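Here is a short briefing for a reader new to this structure. Keep the model in view while reading the points below.

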Amino acid sequence: MDLKLWPGKPYPLGSKWDGEGTNFGLFSENATGVELCLFDEQGWETRLPLTEVYNFIWHCYIPGIKPGQLYGFRVHGPYNPSAGHRFNPAKLLIDPYAKAIAGDVVHGREIFGYDWDDEKEDLSYSALDDSHLVPKAVVIDESFDWEGDTHPQLAWHKTVIYEMHVKGFTKLHPDIPEALRGTYAGLAHPAAIDHLKSLGITAVELLPVHHFIGCPGFLEAKGLRNYWGYDSINYLAPYSGYSASGNTGQQVNEFKEMVKALHAAGIEVIIDVVYNHTGEGNHMGPTISFRGIDNAAYYRLVEGDRRYYMDYSGCGNSLNVRHPQVLKLIMDSLRYWVLEMHVDGFRFDLATVLARETDRVDTFAAFFDIIHQDPVLCDVKLIAEPWDIGEGGYQVGQFPLLWSEWNGRYRDTMRDFWRGTNETLSQFAYSFTGSSDLYESNGRSPHASINFITAHDGFTLKDLVSYNHKHNEANGENSRDGENYNRAWNCTAIEFAATQALEAGASPPCFDPCAGDGDTEDPKVQLLRERQQRNFLTSLLLSQGVPMLVAGDEMGRSQGGNNNAYCQDNEISWVDWGLQHKNADLLEFTRQLTGLRREHPIFRRRKWFQGRAIHGSQVSDITWFNPDGGEMTDEQWKVGHAKAIGIFLNGEELPYPNARGERIIDDSFLLFFNAYWEAIDFVIPPRFQGLQWIAILDTAEPKFVESQGIIYTKRKNIPVTPRSIVILKCLNGPPRSL
């Protein structure tokens, strides 16, 4: 190549095409030299030493370099792992600010900075060139016609989240062209969007789309690959493996087209981001990007022995959020995805790692202060996974204002309630009403609680009611991986006996804990499993807070008991669209539930219940009852074996106006929850016996029951099947105003 190098500018970092040429910038505080490496169509490499350095940013401008140009960097400096430095110019490095990356990292001994065969392990040095195994960054044209696209900015209390995998959601979809299945374009297809709209989904939460390492050596050896994508190697480039457009940089526009299509349908896009660690792993991991650019700056190293990495994630390393450039990278990434890619929010994987400026978690760390002050990021949806594996890492309820959280306590409470564990009803009540015990005291609202029963990590809903224990044999680790304590129950007959014995205070019979796991021909077990799925879905979608469904749960998707399918890029993880016909009743039941939530603001309040009258109706906004119709006493809240409760939700007592400042008046409801193994007759509380009530939902039935038209009044008992929910709506309450 006959190229001219001009000094260029230090900012922006990465590559920036201006119509006539391209500016390149790379941060490295401890490097002694940097080479820009350009690759032609045949793969021939041209190395260009960079001589301009400003604030540790090595930069240049090259006239004539156009979009589509492939490039990388080689960085010179000391190779002294014990001092925290791992520079090795034999390794081609991916630009941390690349907007597009062409292809995957290919595993091989060349991508490691040390010599595999040397007894000094990572203290040794490898001079093997790895440019044939490392994907190249791509210069892109960032212009795009958004055609007036804007962020939907749907209010939190109206939000229903659907956690999904870009590839797995459409890979088997029969109504999407085969060439588009498993891609951003596939998710933008009308068949995919129609399903989301029919479910009442308002936001998709995509598992990681940042470019990641797809096939680490330990998975490759077992014929598996990284499916979930929680091993990011870049924070600005959308993963090229989810693109139908190939590796030419067009994956960026394909992602934008997907966002534009979802926005046109009124659906927001939230992406799962992994800023706590990278895919380079621990000290024995490969040198692909950050490690070779400036290991001591980008990673949190062990004080006193900088050969090793602090690991709060369990994935080998932790980003050094105490370093200004690392913090800048994260903030630049977040702003880029909002401003240029038009995403609407973020779910932060192991977010507490970002709060560790020291070894202690500090939710008032610089990272959170900067986000609160940022005019772009303070106005998007921010969701924390509020835990990590480090000491003091469980921080549910402790994040600052602006943040919502995956509420792990909600998940555990609902699972325990419906499997019959002896827990107090007070915890169920807190969870069902938005977890005010976690979020109210620091000024947050019910939407701070992201409620979920299942997530990508763990059992699917179908498996939660079909397995007692994980069955991860396909992962090749003898089922040692994955969570052992799942709070699951397979609903089998021998479990019935055990549960009844425990509730009676007797010792349960001995049995194989895995007995009855998986598919069964027993019709009683089948019916109970179906009912339990409806119980979980009803509890989730009618709880205060923000519900999150997992793709496929609405139609009974199973992973065969695998609760850690991170490496299963196959039919184990992909959504089986044949289930929408096989389990059509469950799918329709879910659609009706989201419709019930959408139509009735009483199920999605913006503010907390007060437990008292607001507008002078003399009836509280919420009241809790025993099955006999009497109000719950302080003592009864503390009884662990109690598993049935009635709830009155008063539609007249919504303490805030609608968007036009008008008072909101909704229908009133009675909800009867029975987690016992026996049927219970609930009594309509005396104060409401003069009203007319109609049953609209009974989870003992596969469909909503309002059409049956049974009207309840006076002291007529309401039979509630074992382990089920019945919901009554008041027919002669005040007129509604949404």
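The second largest cavity of this predicted model is lined by Thr 413, Asp 416, Phe 417, Thr 421, Glu 423, Thr 424, Leu 425, Gln 427, Phe 428, Ala 642 and Lys 643. Its space comes to about 90 Å³. Two helices, α9 (408-419) and α10 (425-432), each supply at least two residues of that lining.

**Cavities**

- By class, the lining of the second largest cavity divides into 4 nonpolar, 4 polar and 3 charged residues.
- How many cavities of 30 Å³ or more does the structure hold? There are 7 of them.
- The largest cavity holds about 160 Å³ of space.
- A set of 15 residues lines the largest cavity, and the closest to its centre are His 165, Tyr 227, His 456, Arg 557 and Ser 573.
- Two elements give two or more residues to the lining of the largest cavity: β12 (161-164) and α1 (166-170).
- The lining of the largest cavity has 8 nonpolar, 5 polar and 2 charged residues.
- Empty space of this kind is found by rolling a probe the size of a water molecule over the atoms.

- Why does β14 count as largely enclosed by the rest of the structure? The reason is that 6 of its 6 residues are buried.
- In a regular strand, side chains alternate between the two faces of the sheet.
- Both faces of β14 are covered. On one side, Glu 268, Ile 270 and Asp 272 are buried.
- Strand β13 (residues 203-206) runs parallel to β14, and 4 bridges join them.
- Within that pairing, Val 204 has Val 269 as its bridge partner in β14.
- Strand β15 (residues 345-348) also pairs with β14 in the parallel sense, over 4 bridges.
- Opposite Ile 270 stands Gly 345 of β15.

- Gly 281 lies in the loop between β14 (268-273) and α6 (290-298).
- Is Gly 281 buried or exposed? Gly 281 counts as buried, because its relative accessibility is 14% and the cut-off for buried is under 20%.
- Which residues does Gly 281 touch, not counting those up to four places away in sequence? They are Arg 291, Cys 315, Gly 316 and Asn 317.
- Asp 231 sits 50 residues away from Gly 281 along the chain. The C-alpha atoms of the two are separated by 8.5 Å.

**An open antiparallel sheet**

- Which order do the strands of the open sheet take? The 4 strands run β1-β2-β6-β5, with antiparallel pairing.
- The edges are β1 (14-17) and β5 (52-54). Each has a single partner strand, so one side of each is left without a neighbour in the sheet.
- On average, neighbouring strands of this sheet are turned by 25 degrees against each other, direction ignored.
- Val 53 has Trp 58 as its bridge partner in β6.
- Strands of a sheet pair through backbone hydrogen bonds, either parallel or antiparallel.

Terms used:
Residues are numbered from 1 along each chain as its sequence is written. This is a predicted model: local features need pLDDT of at least 70, side-chain atom pairs count only at pLDDT 80 or more; totals for chains, interfaces and linings use all residues. Side-chain values use heavy atoms; hydrogens and water are left out. Two strands pair if DSSP finds at least two bridges between them. Axes are lines fitted to C-alpha atoms, for helices over the stretch in contact, and angles run from 0 to 180 degrees between N-to-C directions. Buried means under 20% relative accessible area, exposed over 50%, partly exposed in between (1.4 Å probe, protein chains only). Contact means heavy atoms within 4.5 Å. On a 1 Å grid over the protein atoms alone, a cavity is a set of points where a 1.4 Å probe fits but cannot get out, and a pocket is an open set with protein on both sides within 12 Å along at least five of seven lines; lining residues have an atom within 4 Å of a point. Grid points are joined across faces, edges and corners, and a volume is the space filled by probe spheres set on the points. Ala, Val, Leu, Ile, Met, Phe, Trp, Tyr, Cys and Pro count as nonpolar, Asp, Glu, Lys and Arg as charged, and the others, Gly among them, as polar.
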